[in-house]
Amino acid sequence: MYKFKYHKPTSLEESINLFKEKEFPKYLSGGMTLIPSMKQLLSSPTDLIDIQNIKELKGIYRAENRIIVGALTTHNEVAYSPLIRENIRGLSYLASKIADNAVRNCGTIGGSICNADPAADYPAALLALNATINTSNREILAKDFFIDMFETKLEDSEIVTSVTFPIKTKSFYLKFSSQASKYAIVGMFGSFDGDRASISVTGASNKVFN
């Protein structure tokens, strides 16, 4: 692992200012992808900006007919949230099938979608549910967020703050996964609204698709 400087800001503004000041910084949330990449010398940031102390990025709550999930919400928090289980059951199930329990305790929904791994689970849910990604700058529809393999619409210093999901009481997730990593070889998320269905597929291409 290369040498780097570690920072632990307590606000979005401080985090963004630090990012803009540094040579090659990276934001750190759960670290489930970034830390292994650094250990294998695949990533060499000059500075790690740990955003885990920013309280406004945490929590799950309901706003009218939507569920808002903070970017630092862990996979297990999504999986076991009564609010999500009652209103978007497919998302709860999806989160319960990510990797192993250790990863689910640390990995975050924000970190996963920002990494945009073509075999990740969450992108299928975001696309099928027509979710909105809320950032420090703007709102981005899921259909516009994932551009290509490990590439999103985020600008350099931009931070995902939360994800807004419309309530869909009928939804499901099916996955044929790698036995080693539990990443999706192919995964399919479906949601239903009356007689209309929305289906998205992950793992089968360079990015999630309908």
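**Close-up 1. The largest cavity of the predicted model.** The volume of this cavity is about 50 Å³. A search of the whole structure finds one cavity of 30 Å³ or more. Its lining includes A116, D117, P118 and P123. F146, D148 and T202 also line the cavity, as do N206, K207 and V208.

**Close-up 2. A116, a cavity-lining residue with positive phi.** A116 sits in the loop that links α7 (109-115) and α8 (122-128). Its phi is about 55°, although A116 is not a glycine. Is A116 buried or exposed? A116 counts as buried, because its relative accessibility is 4%, and buried means under 20%.

**Close-up 3. L41, in the loop between α2 and β3.** The loop runs between α2 (34-39) and β3 (47-50). L41 is a residue other than glycine, yet its phi is positive, near 60°. The relative accessibility of L41 is 46%, so L41 counts as partly exposed.

**Close-up 4. The hairpin of β4 and β5.** Strand β4 covers residues 60-63 and strand β5 residues 66-70. The two run antiparallel and are joined by four bridges. A63 faces R66 in β5, standing opposite that residue. Two residues lie between the strands. E64 has a positive phi in this hairpin, near 55°.

**Close-up 5. Strand β6 and the two strands it pairs with in this view, β7 and β10.** Strand β6 spans residues 132-135. T132 and N134 point one way from the strand. I133 and T135 point the other way. All four of these residues are buried. What joins β6 to β7? A hairpin does, through three residues. Strand β7 (residues 139-141) pairs with β6 in the antiparallel sense, over three bridges. T132 stands opposite L141 in β7. Strand β10 covers residues 160-166. Four bridges join β10 to β6, and these strands also run antiparallel. On β10, V160 is the bridge partner of T135.

**Close-up 6. A nonpolar surface patch of M1, F4 and Y6.** Together, the three residues have about 300 Å² of accessible area. M1 belongs to the segment before β1 (5-7).

Definitions and conventions. Residues numbered from 1 in each chain as written. Predicted model: local features only at pLDDT ≥ 70, side-chain atom pairs only at ≥ 80, totals over all residues. Heavy atoms only, no water. Pairing = 2+ DSSP bridges. Patch = residues over 30% accessible without salt bridge, like charges linked within 9 Å, V, L, I, M, F, W, Y side chains within 5 Å. Areas by Shrake-Rupley, 256 points an atom, 1.4 Å probe, with all protein chains shown as cover. Salt bridge = Lys/Arg side-chain N within 4 Å of Asp/Glu carboxyl O. Buried < 20%, exposed > 50% of the residue type's maximum accessible area, 1.4 Å probe, protein only. 1 Å grid on protein atoms, 1.4 Å probe; cavity = no way out; pocket = protein on both sides within 12 Å on 5 of 7 lines; lining within 4 Å. Points joined across faces, edges and corners; volume = space filled by probe spheres on them.
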